[in-house]
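Please keep the sequence and the model in view while reading.

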Amino acid sequence: MAEWEGALRLGVFSSLFIVLALLEVWQPFRKASRRRWLANLGLLAIGSVALRAAFPLAATGVALWAQQQSWGLLNQIEWPALLELIIAVAVLDCAIYWQHRVFHRLPWLWRLHSVHHADTALDVTTGLRFHPIELLLSMVIKSVFIVALGAPALAVLIFEVVLNACSMFNHSNIALPNTLEHSLRRVLITPTLHRIHHSQRIEETNSNFGFSVPWWDWLFGSFRAHAREGDAAVRLGLPGAQQRAGQLLALLILPFRREGNGPRNNT
């Protein structure tokens, strides 16, 4: 799997990034400056290097190692392979949902996550904009769930590809037709739904935590269908960090500044 995993993930990422970026030009939801791209993609590059250095085997490598050690629930029982895939992907997606909520709840984790929320606009690059330390913590949390569950390596690969694709899609600056929007939001977190999560209103920021499907938000009471002032009027970003929101160095040190601890932890 290691031979072709990197090529597959890079191919899916590159293709989807290009398609979404072109759609943002053709049918933008809002006018958004691309000056932010340098900082957003810079964070992605630094985070990718940090992840590769700290976790050279990546998440699928953790899954293969757990399988070799016969660790985890799914490595102790004999279930159909397809059922194991479905269970593993669903559990990992639910874990990421709760991880997201915890990062909003605990002030020291919010400091890291605030780098993502400080973006003054949303587009495909916002879905890649995370502080390197947050990415490392996220990988540790994922690895714990992968080992405990005994998730198959193929399920982990599918989950990682889908998570990355959905993050780029639901942060994209695309104006979907109303009929398509209302149909898609039954099975996917759409850009309109996730835009509410990036609102400056605390009660809206603390909603729509899902990255892929809206079902966890439905189940755990955090779903919000529409913004209070209307979906088109959502104010984005963090008021205390607006001036530094597009500067790479400022974003790297933002968690260690006072404005990195905005009031978003009241859930």
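Asparagine 208 is buried in this predicted model, with a relative accessible area of 0%. Asparagine 208 sits in the loop between α10 (202-205) and α11. Its backbone is also of note: phi is near 50 degrees, a positive value in a residue other than glycine. Most residues other than glycine have a negative phi. Serine 70 is another case, with a positive phi of about 60 degrees although it is not a glycine. Serine 70 belongs to the loop between α3 and α4. Is serine 70 buried or partly exposed? Serine 70 has a relative accessible area of 41%, so it counts as partly exposed. Asparagine 208, by contrast, is buried.

Charged side chains come next. Side chains of opposite charge can pair when their charged atoms come close. The structure holds eight salt bridges. In one of them, arginine 36 meets aspartate 119, with N and O 2.7 Å apart. This pair links distant parts of the chain, since arginine 36 is in helix α2 and aspartate 119 is in the loop between α5 (107-117) and α6, 83 residues apart. Both arginine 36 and aspartate 119 are buried; for aspartate 119 the relative accessible area is 1%.

Aspartate 119 has a further partner. Arginine 129 forms a salt bridge with aspartate 119, and here the closest N and O atoms are 3.5 Å apart. What does this pair tie together? Arginine 129 and aspartate 119 both lie in the loop between α5 and α6, so the pair joins parts that are 10 residues apart in sequence. Arginine 129 has 0% relative accessibility and therefore counts as buried. Which residues are linked in a network of salt bridges? The members are Arg36, Asp119, Asp123 and Arg129.

Elsewhere, the side chains of glutamate 181 and arginine 185 form a salt bridge at 2.8 Å, N to O. Glutamate 181 and arginine 185 are both buried.

How many disulfides does a search of the whole structure find? The search finds zero. Cysteine 94 is in no disulfide, and the nearest cysteine sulfur, that of cysteine 166, is 15 Å away. A disulfide would need the sulfur atoms within 2.5 Å. Cysteine 94 is buried, with a relative accessible area of 16%, and cysteine 166 is buried as well, with 12%. Each of these values is under 20%, the limit for a buried residue.

The largest pocket has a volume of about 1200 Å³. Of the 40 residues that line the largest pocket, those closest to its centre are Arg9, Ser48, Leu51, Glu160 and Asn164. Which helices each supply at least two residues of this lining? They are α1 (2-26), α2 (36-54), α3 (58-69), α4 (81-105), α6 (132-149) and α7 (153-171). The largest share comes from α1, which gives seven residues. By class, the lining of the largest pocket has 23 nonpolar, 11 polar and six charged residues.

The second largest pocket has a volume of about 220 Å³. The lining of this pocket has 13 residues, and the closest to its centre are Val89, Asp93, Val162, Ser212 and Val213. At least two lining residues come from each of α4, α7 and α11 (215-219). Which helix gives the most to the lining of the second largest pocket? The answer is α7, with five residues. The lining of the second largest pocket divides into 11 nonpolar residues, one polar and one charged.

How values were computed: Residues numbered from 1 in each chain as written. Predicted model: local features only at pLDDT ≥ 70, side-chain atom pairs only at ≥ 80, totals over all residues. Heavy atoms only, no water. 1 Å grid on protein atoms, 1.4 Å probe; cavity = no way out; pocket = protein on both sides within 12 Å on 5 of 7 lines; lining within 4 Å. Points joined across faces, edges and corners; volume = space filled by probe spheres on them. Helix = DSSP H or I, 4+ residues; strand = E, 2+ residues; numbered from the N terminus. Nonpolar A, V, L, I, M, F, W, Y, C, P; charged D, E, K, R; others polar. Buried < 20%, exposed > 50% of the residue type's maximum accessible area, 1.4 Å probe, protein only. Salt bridge = Lys/Arg side-chain N within 4 Å of Asp/Glu carboxyl O.
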